[in-house]
Amino acid sequence: MPRPITATIHTAALHHNLSRVRQAVPDAKVWAVVKANAYGHGIERVYEGLRGADGFALLDLAEAERVRQLGWRGPILLLEGVFEPRDLELCSRLGLWHAVHCDEQIDMLAAHKTQVPHRVFLKMNSGMNRLGFAPERYRTAWARLNALPQVDEISFMTHFSDADGPRGIAHQVEVFNTAAEDLPGERTLCNSAATLRHGTDARVRGDWVRAGIVLYGSAPDFPLNDINHWAVQPSMTLSTRLIGVQHLKAGDTVGYGSRFVADAPLTIGVAACGYADGYPRHCDTGTPVLVNGVRTRLVGRVSMDMVTVDLTPLLQAGLEPGFGAEVTLWGRAANGTVLPIDEVASAGGTVSWELMSALAQRVPVTVDG
Ligand SMILES: *Cc1c(COP(=O)(O)O)cnc(C)c1O
């Protein structure tokens, strides 16, 4: 018998979340962002739920190849473009569209031998200062690309640093729209947060949105808004079982470093999930968890293979969870109760993106629906 931990991917939830994105931007095409192995879910496992998208966006050429192997004939966009000249051969062969964010990538295109000209997305650095051409260099870069026989259609993209926070996107939208004004071609600006919050604004929406985290059932602007507000559903449940129960006296401690001290008698459960499964070690006493679908809290430190949970709320409800009881670390319990991954991430001082994509190799994954 393997350890009882499992991750479950919910196809129906992916499907639902994609339709929520479509509702938010009925006039835009949707890139389903499946980088980092579909945010830890597995590209092959999310394909059924997300194949209703207009295209798939990712970074890794091997992942693009996997999407083609699944039979996808539609658009695939490499969000960071190519890393070396021979990547362009794979782009030609697989019909990949790619971002162009620097002069070196234009040089590679200029030297590339291809029968079929490439569709490219010219990226502007509108203020985030990661990738992209500065606004004042954007037109020059466009003119260079536009003169290349290796290039077919040119589209325009930028990325927001603060779509989920108080600074917002207005300053970047202004920079992008001014510098790209009357350049002919499609535009893509929005990640999940901008799509949900500003998708109705025609100056922001563009022709394509790039939806990542919202497809996986997380609120991109948590804690300002949660998944109930955005009406999305968790696409991943991480669950396990109790493999032990301990009855503590006042003064007893729990786990490494004796970080938790019981101030009164307390019954705790020991669940088979630890940081080697991808559960964040920074989650400490108080982090929410479900036992048999009842909300309770972690007590003590997360160890490599185990966490310890307070059983008081269950005992108060007249339940006696023992060995084998269901424990939900995030996602949906068997009784339907949902523990949003955003709450767990927040308790661990991180974000849902990191938790999903850090799901460990040793956790068996199943797909439902
Ligand atoms: C990852 C990524 C996205 C998706 O971001 P979410 O916040 O997960 O929606 C969009 N655009 C680019 C360029 C990205 O790298």
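Tutor: Domain bounds come from an automatic or database domain assignment. The model discussed here is predicted.

Student: What does the domain assignment of the protein give?

Tutor: Two ranges are assigned in the protein, domain 1 and domain 2. Domain 1 is given as 11-218, and domain 2 as 236-368.

Student: How many residues does the contact take from domain 1 and from domain 2?

Tutor: The C-alpha centres of domain 1 and domain 2 are 37 Å apart. Contact is counted for heavy atoms within 4.5 Å. By that criterion, the contact takes from domain 2 eleven residues and from domain 1 nine residues.

Student: Which polar backbone atom is 2.8 Å from an oxygen atom of the ligand?

Tutor: A polar contact requires a pair of N or O atoms within 3.5 Å. Polar side-chain atoms reach ligand oxygen atoms at 2.6 Å from tyrosine 39 and at 2.9 Å from tryptophan 353. The backbone atom at 2.8 Å belongs to isoleucine 213.

Student: How much of the ligand's exposed area does the protein bury?

Tutor: The ligand sits in the largest pocket. Residues surrounding the ligand include Val33, Leu79, His159 and Arg210. By class, this shell holds two charged, four polar and five nonpolar residues. Taken alone, the ligand exposes 390 Å², of which the protein buries 92%.

Terms used. Residues numbered from 1 in each chain as written. Predicted model: local features only at pLDDT ≥ 70, side-chain atom pairs only at ≥ 80, totals over all residues. Heavy atoms only, no water. Near = heavy atom within 4 Å. Polar contact = N/O pair within 3.5 Å; in protein donor to acceptor, adjacent residues only side chain to side chain. Areas by Shrake-Rupley, 256 points an atom, 1.4 Å probe, with all protein chains shown as cover. 1 Å grid on protein atoms, 1.4 Å probe; cavity = no way out; pocket = protein on both sides within 12 Å on 5 of 7 lines; lining within 4 Å. Sits in = over half its atoms within 2 Å of the grid points. Nonpolar A, V, L, I, M, F, W, Y, C, P; charged D, E, K, R; others polar.
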